[in-house]
Amino acid sequence: MISIPHKTKQFLVLLIKLLIVGGAFYFIYDQLANNDKLDWQKFIILFQKNQSVSGIAFILFLSVLNRFFEILKWQNLVLFIHKISLGEATKQVLGALTAGLFTPNGVGEYAGKALFFEKSETKKVIFLNLICNGIQMILTVIFGIIGLLYFNAQYNVITTKTVMILFGICFLVFGILFSLKKLTIKGFSIEKLIHKTNEIPKFIHQKNIFLAICRFLVFSHQYYFLFLAFDVDLLYLTALATITSVYFLASFLPTFQFLDFAVKGSVAVYFFGTLGVNEWIVIFVTTIMWFLNVVVPVVIGSYYVLNFKTKNRI
């Protein structure tokens with residue numbers, strides 16, 4: 001193994017930190033400044049018309065609450081390795097979010113969180129992050145399917161036959177996965193994954209599910225309240241069904257965190273367009289959601305990235 005001088009290693013770590021933070025700020029600026037679908041004049045006019053200190057504070061509070069539940073989820077899961085403080089969990093979640101900004105579907109978060117632990121704990125950390133994100137994905141699928149069925153019953157976007165075919169495909173996929181659960185690829189199998197999951201104490205799983213539900217309810221209702229702020233008058237159940245459908249379908253599309261609002265925005269434009277909502281309002285609401293729940297945490301996470309000190313991983 002080639003030994004890297006300490007000074008060289010320090011320089012490389014600093015360079016990587018600056019590249020991550022610099023790249024994050026560049027992509028954020030580029031998306032906000034050069035998106036021709038964002039009519040800032042319309043936004044300013046509507047904002048001045050409906051501005052409310054309490055309303056703004058409430059939306060910001062929901063953003064804090066959204067990320068806070070994610071931090072609590074991670075702190076809870078890491079108990080399987082060792083106890084960490086809320087401050088340490090915050091540093092790991094926000095730092096990893098910043099590091100994963102440029103990777104498809106936030107894959108970089110896995111490596112980002114692992115860097116905060118000893119090398120011997122890397123596999124456990126990656127697995128726990130899989131559990132952390134996995135439960136959120138499962139809830140997105142469950143609520144999304146319910147929302148999609150409700151939306152389709154109201155507006156008949158797809159036929160009943162198509163719905164049955166989609167359910168048939170889902171059951172077929174689950175059946176195939178179950179039958180191949182003992183199939184091992186490079187030492188990994190579904191059966192082994194289930195066994196590893198069962199090793200985690202039940203109380204950790206229960207708390208993880210509860211916090212994931214709380215987080216889902218927070219960000220879906222933040223979406224809803226933003227539409228109300230833009231004078232969009234929709235029935236509560238219809239709005240929630242549409243929002244959960246958007247998150248469900250968008251979650252299956254490969255994307256990067258810095259393009260998240262563009263992907264969700266394109267799906268949202270179709271669904272809310274069916275309800276007669278103006279395209280520019282949908283795009284602005286989606287952009288604000290992205291700004292509050294990704295950009296702001298990434299800016300804070302940049303501080304943790306710049307102050308990151310490597311563990312003994314060589």
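Start with Glu88 and Lys91. Their side chains meet in a salt bridge, 3.2 Å from N to O. By salt bridge I mean a side-chain nitrogen of Lys or Arg within 4 Å of a carboxyl oxygen of Asp or Glu. Both residues lie in helix α4, three residues apart, about one turn of the helix. Why does that spacing work? An α-helix has 3.6 residues a turn, so residues three or four places apart point the same way. And side chains of opposite charge can pair when their charged atoms come close.

Before I go on, the ground rules. This is a predicted model: local features need pLDDT of at least 70, side-chain atom pairs count only at pLDDT 80 or more, and totals for chains, interfaces and linings use all residues. Residues are numbered from 1 along each chain as its sequence is written, and side-chain values use heavy atoms, with hydrogens and water left out.

Back to the pair. Glu88 is partly exposed, at 22% relative accessible area. Lys91 is partly exposed too, at 27%. The cut-offs: buried is under 20% relative accessible area, exposed is over 50%, and partly exposed is in between, with a 1.4 Å probe and protein chains only.

α4 runs over residues 86–99, which is 14 residues. At 1.5 Å a residue it should span 20 Å, and its end C-alpha atoms are 20 Å apart, so the two agree. The expected span is 1.5 Å times one less than the number of residues. Which residues of α4 are buried? They are Ala89, Thr90, Gln92, Val93, Leu94, Gly95, Ala96, Leu97 and Thr98.

Next, the other salt bridges. The count comes to three. Lys73 pairs with Glu70, with the closest N and O atoms 3.3 Å apart. These two sit three residues apart in helix α3, so about one helical turn separates them. Lys73 is buried, at 0% relative accessibility. Glu70 is buried as well, at 4%.

Glu70 has another partner. It forms a salt bridge with Arg215, closest N and O atoms 3.1 Å apart. Glu70 lies in helix α3 and Arg215 in helix α9, so this pair ties together parts that are 145 residues apart in sequence. Arg215 counts as buried, at 12% relative accessibility.

Glu88 is partly exposed at 22% and Lys91 is partly exposed at 27%. Shared partners join Glu70, Lys73 and Arg215 into one network.

Phe61 lies in helix α3, residues 53–78. Phe61 is partly exposed, at 47% relative accessibility.

Now the whole chain. How many helices and strands does it have? It has 12 helices and zero strands. Helices here are DSSP runs of H or I, at least four residues; strands are runs of E, at least two; both are numbered from the N terminus. Of the 314 residues, 43% count as buried.

On to α6. It has 34 residues and reaches 47 Å from its first C-alpha to its last, close to the 50 Å expected at 1.5 Å a residue. Asn156 follows α6, with a positive phi near 50°. Asp231 also has a positive phi, about 65°, although it is not a glycine. Asp231 lies in the loop between α9 (202–229) and α10 (236–250). It counts as partly exposed, at 47% relative accessibility.

Last, the surface. Patches are made of residues with over 30% relative accessible area and no salt bridge; like charges are joined within 9 Å, nonpolar side chains (Val, Leu, Ile, Met, Phe, Trp, Tyr) within 5 Å. Areas come from the Shrake-Rupley method with a 1.4 Å probe, and for residues only the protein chains shown count as cover.

Lys123, Lys124, Lys192 and Lys196 gather in a patch of positive charge. Lys and Arg count as positive, Asp and Glu as negative; His and the chain ends are not counted. Each charge is placed at NZ of Lys, CZ of Arg, CG of Asp or CD of Glu. α6 (122–155) and α8 (190–199) each supply at least two residues of the patch. Lys123 lies in α6 and is exposed, at 73%.

There is a nonpolar patch too. Ile165, Leu166, Ile169 and Val173 form it, with about 340 Å² of accessible area together. Val173 sits in helix α7, residues 160–179, and is partly exposed, at 41%.
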